[in-house]
Amino acid sequence: MGASIKLVILFFTLLLASRANSQTFVYRQFMANDGLTNSTVFRVCQDKSGALWMATNNGVSRFDGYGFTNYYPAQFGTHVLSIDCDDQDRIWVSGDSVLNYIEKGKIHKYEIKNDTLPFYNMITRVDFLGRIWLVNIDHNGGYVKNGHFHPLKVDFKINDVYTKNNTVLLATDKGLYEVNAAGQAFPSAKSISREPIYSITEDKNHRYYFGAKGKIITETGDTARIIKTGQDLPILNIALKDEDKIWFSNTAAGLSCIIDGIEINYSQNLGLSKSFINDLHVDDAGNLFIASYSKGLVIINNKYIKRYNSIDGFITTSVTSILTLPDGTVFFGGYGGHIAMWQGKKFKQLNLSTRADDCINDMVLIGKKLWIASSYYISCYDLTTNKVTMHLGGAVSCAKETDTSVLMGSYTEIYRLSNTTAQMLPYDSKIKRRIRDILFFDGETWGATKIGTFRINKNGELKEFTFGGKLSKENRALAKDDQGNIWVATNGGLIKIGPSGQQSIYTTRDGLINNECTHLLYNNGTLWIGTARGLCSFKGGKFFQYLDVIPLEEISALEEDIHHNLWIGTNEGLYQWDLNNNPALGKPARVFINTPNHSWADTFYLPYRDNAVSLNFSSVEYNAPSSIIYEYKLQNSDTTWHTADNRTLQFSSLNSGEYRLDIRCHYQGSNLNSEVSSVYIVVATPVWKKWWFTATIALLVAIGIWMGVRYRIRVIKKRERQRSINYRKLLLYKQQAVNALVNPHFIFNSLNSIQHFINQADVHSANKYLSQFGRLIRGTMENSTNFSTSVANEIKMTELYLSLEEIRMGKKLSYTIAIDSRINKEHTFIPTMLIQPFVENAIWHGIAPKKTGGCVAINIQIETTSLLKITITDDGVGIGNSLNKKGSSDKSMGMDIINQRLDIIEKLTGLKIYCKIEPVDTNTGEGTRIELLVPANIV
């Protein structure tokens with residue numbers, strides 16, 4: 001082919017591209033190795049959350065922009081050929097004469113009553129009446145309603161079913177048909193011919209587009225507008241992404257788009273060469289989803305990103321340098337020595353006489369002259385005259401020094417050029433290596449080289465900066481920020497040199513997308529970092545990655561123009577990012593939480609023995625899913641929002657109880673959070689933690705404690721009773737012992753009296769005395785073992801004793817006994833031998849010492865209802881005189897015994913016997929009166 005023909009073809013190619021004003025679309029492609037159930041996708045639809053559902057050759061996949069949730073044929077019992085979503089957000093799935101639906105993550109089989117579905121359903125649509133329309137591979141169809149299949153009995157073949165906006169339209173081989181609420185099909189009144197229709201879609205203005213053979217028909221008022229296509233083939237799928245873009249596919253392999261009336265085939269550009277397009281779908285956000293045969297799912301989104309290549313008049317594939325001007329003009333340099341100029345609409349190629357293997361490394365504008373550093377030349381392009389001047393050998397970098405001079409970094413030196421002259425800087429001899437990048441500001445020159453970074457100050461002094469450790473010494477790019485820090489891009493990370501020379505190193509551990517940094521740009525407080533695997537930025541002390549902006553390509557140039565477009569040069573082409581339309585400025589969609597069993601309920605339950613839980617979640621996002629930051633908070637356990645490392649949360653060993661998990665998200669660098677999504681986690685309470693179990697155990701413990709305490713009390717009481725019994729026995733024994741002490745004393749005195757009678761030879765008195773003495777001894781022995789006795793018995797024994805003393809003492813002793821008539825002498829009890837010791841003392845210590853003798857008077861009367869008052873009075877010498885006469889040390893043994901008996905009685909009974917002894921005549925001390933207050937009926 002001659003050179004002239006080539007030029008003509010090139011001219012018309014560029015003309016076509018300029019008329020279309022097209023760009024190479026940025027897209028993402030997902031296949032089986034990316035998570036799809038299969039690389040052949042038949043149909044796509046979206047649910048109310050915006051998630052994409054796909055019917056594939058191996059099941060169903062749900063896609064949220066980031067990851068897949070898959071359902072396989074074994075779960076359906078069928079191959080899946082078609083899919084659609086109804087108003088209740090149920091996903092209907094059909095194929096192999098089986099109809100299923102997915103609701104809240106669970107698969108349900110739709111039971112057909114005594115009917116058979118058409119075999120191999122290739123189209124499934126749900127209309128506004130809840131009818132599920134099915135079309136098989138033979139183009140026969142009908143709808144399912146209330147468990148029955150209703151076939152359409154028509155004489156045409158159905159190619160497509162459209163069920164939006166309360167309308168059911170059929171694209172058939174005999175034109176367009178409508179279906180009413182009764183299920184009857186009739187020719188549509190829309191102004192299109194009766195020729196075969198293969199597909200139907202609708203734009204946002206409710207204008208229909210119909211795919212026919214070799215053309216697209218659209219209604220405009222009462223007339224139909226015909227849009228011809230390049231091939232005379234049936235249009236099987238139509239999608240409207242923007243008002244000026246009509247995407248379609250035909251029976252031939254491939255995908256085309258009509259832009260401003262110009263048809264462009266994008267099959268090769270989108271990686272869909274020779275691939276059949278099964279379905280096209282555009283959502284409300286303008287994302288285009290392409291379902292293909294064997295090439296998976298392709299998504300064209302990122303409306304804020306444009307990619308340019310040769311279709312757009314951009315000659316070079318690999319961009320190595322970019323220069324932006326204040327008027328909005330942008331220059332791009334690349335391999336082949338090509339320079340393209342962009343002025344807002346299209347590219348213009350600059351006419352440079354360069355070698356085919358040359359590379360434009362850097363550019364700088366001084367006045368109207370564009371200085372160019374390329375591999376073989378240092379060139380100056382005059383934008384006014386379009387003339388080019390060549391200088392010296394090649395250069396790697398350049399920088400503006402003054403309004404008339406430029407610095408060029410070569411492979412071994414630094415040059416200063418002014419107009420057409422060039423000279424080496426006087427200190428260049430110290431730097432014998434390639435200058436990869438060069439900066440000039442405040443009279444200082446900074447350069448990045450293969451083995452480090454250097455600075456030359458105003459005085460020409462050289463300072464080298466080398467970076468040790470594991471970091472490579474190859475420095476590639478430089479940037480200066482507003483704080484005076486110098487940033488260095490190396491093939492081992494990012495380095496910051498502070499104003500004082502201090503160094504900080506940043507790597508992927510700190511958030512870099514890749515350690516091999518290739519280019520830097522600082523603008524408006526943001527440091528943009530190009531790496532060998534994509535783009536990231538550093539702002540506010542944080543790194544942000546942009547995995548969704550451009551593919552993971554090596555970035556070789558970065559610049560921002562006055563319209564806030566970030567131009568990104570890579571080894572695969574040129575990208576334009578409209579920073580004003582950054583998705584991070586918006587608010588992401590609400591987070592969708594996927595519970596462990598894919599049951600998307602608000603609450604799920606865990607048994608207490610299986611209290612570990614793992615949850616997946618995501619916000620439906622197709623433009624920048626990797627830019628979303630997720631935060632979570634587990635209520636009842638924590639009140640702090642935590643950043644999730646990925647889209648999975650795992651909680652192990654949750655205590656029994658109810659928890660509320662809150663999840664929200666925001667774009668990196670943004671403070672706008674999505675709505676909070678919540679799911680409740682209920683961990684079953686084990687039996688031993690239930691209230692009734694605790695209450696039962698507490699009751700049993702209480703009963704046990706009560707029984708133990710009661711048993712202990714019984715033991716203690718029994719022990720105390722035994723101790724009391726023993727103590728009472730001891731006191732009784734002591735009482736008996738004291739009683740025994742009284743008897744010997746009396747016996748001794750009585751024997752003395754008998755001896756006296758014998759000595760006086762008074763046999764009668766001795767016998768009488770001895771007889772009564774025997775009666776007294778017998779009574780005393782009988783009563784000695786008794787603790788108490790009746791008043792009658794006590795008086796009887798006392799009278800017996802007094803009669804003995806009366807015999808012994810003769811007329812010297814007289815006595816009287818008076819008892820209150822109110823006292824029942826037989827049934828009123830007092831302590832045994834209570835009165836006799838006092839009477840004995842009265843006789844022996846009061847009357848016996850008196851020469852004239854005396855009288856003892858005993859009086860018993862009722863003091864109170866419970867007390868008896870016993871008074872024993874004598875008219876003897878008096879107890880005080882008697883003791884003085886005998887001496888203070890000559891203490892009456894009888895009184896000691898009496899006191900001991902009173903003390904024992906009190907201890908045994910707890911009742912006190914009050915005893916009062918006083919002289920009858922207080923002046924002379926003669927006579928003694930003893931008053932006893934004795935509890936009546938003492939036991």
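**Close-up views of a predicted model**

View 1. Lys480 lies over the face of Phe441, at 5.1 Å from the ring centre. In another such pair, the charged end of Arg62 sits over the ring of Phe592, 4.1 Å from its centre. The rule for a charge over a ring asks for NZ of Lys or CZ of Arg within 6 Å of the ring centre and within 35 degrees of the ring normal. This is a predicted model, where local features need pLDDT of at least 70 and side-chain atom pairs count only at pLDDT 80 or more, while totals for chains, interfaces and linings use all residues. Residues are numbered from 1 along each chain as its sequence is written, and side-chain values use heavy atoms, with hydrogens and water left out.

**View 2. The second largest pocket.** Here's a pocket with a volume of about 1,500 Å³. Its lining has 45 residues, and Asp362, Asp437, His519, Leu520 and Glu559 are the closest to the centre. The lining residues split into 24 nonpolar, eleven polar and ten charged. Strands (E, at least two residues) and helices (H or I, at least four) are DSSP runs, numbered from the N terminus. A pocket is an open set of points on a 1 Å grid over the protein atoms alone, where a 1.4 Å probe fits, with protein on both sides within 12 Å along at least five of seven lines; lining residues have an atom within 4 Å of a point. Points are joined across faces, edges and corners, and the volume is the space filled by probe spheres set on them.

**View 3. A cluster of rings.** Phe30, Phe63, Phe68, Phe289 and Tyr622 are linked into a cluster by ring pairs. The model's count of aromatic pairs comes to 32. Phe63 and Phe68 make a stacked pair, 4.5 Å centre to centre with 25° between the planes. Both Phe63 and Phe68 are buried. Rings of Phe, Tyr and Trp (its six-membered ring) pair if their centres lie within 6.5 Å; planes under 30 degrees apart are stacked, over 60 edge-to-face, and the rest tilted.

**View 4. Arg28 and Gly65.** Arg28 belongs to strand E1 (residues 27–30). A polar atom of the Arg28 side chain lies 3.3 Å from the backbone oxygen of Gly65. Arg28 counts as buried because its relative accessibility is 17%. The cut-offs are under 20% relative accessible area for buried, over 50% for exposed, and partly exposed in between (1.4 Å probe, protein chains only).

**View 5. Two residues with positive phi.** Most residues other than glycine have a negative phi. Asn146 isn't a glycine, yet has a positive phi of about 55°. Asn146 lies in the loop between strand E12 (141–145) and strand E13 (148–151), and is exposed, with a relative accessible area of 60%. Met833 also has a positive phi, near 55°. Met833 is in the loop between strand E67 (829–831) and helix H6 (835–847), and at 9% relative accessibility Met833 counts as buried.

Conventions:
Nonpolar A, V, L, I, M, F, W, Y, C, P; charged D, E, K, R; others polar. Polar contact = N/O pair within 3.5 Å; in protein donor to acceptor, adjacent residues only side chain to side chain.
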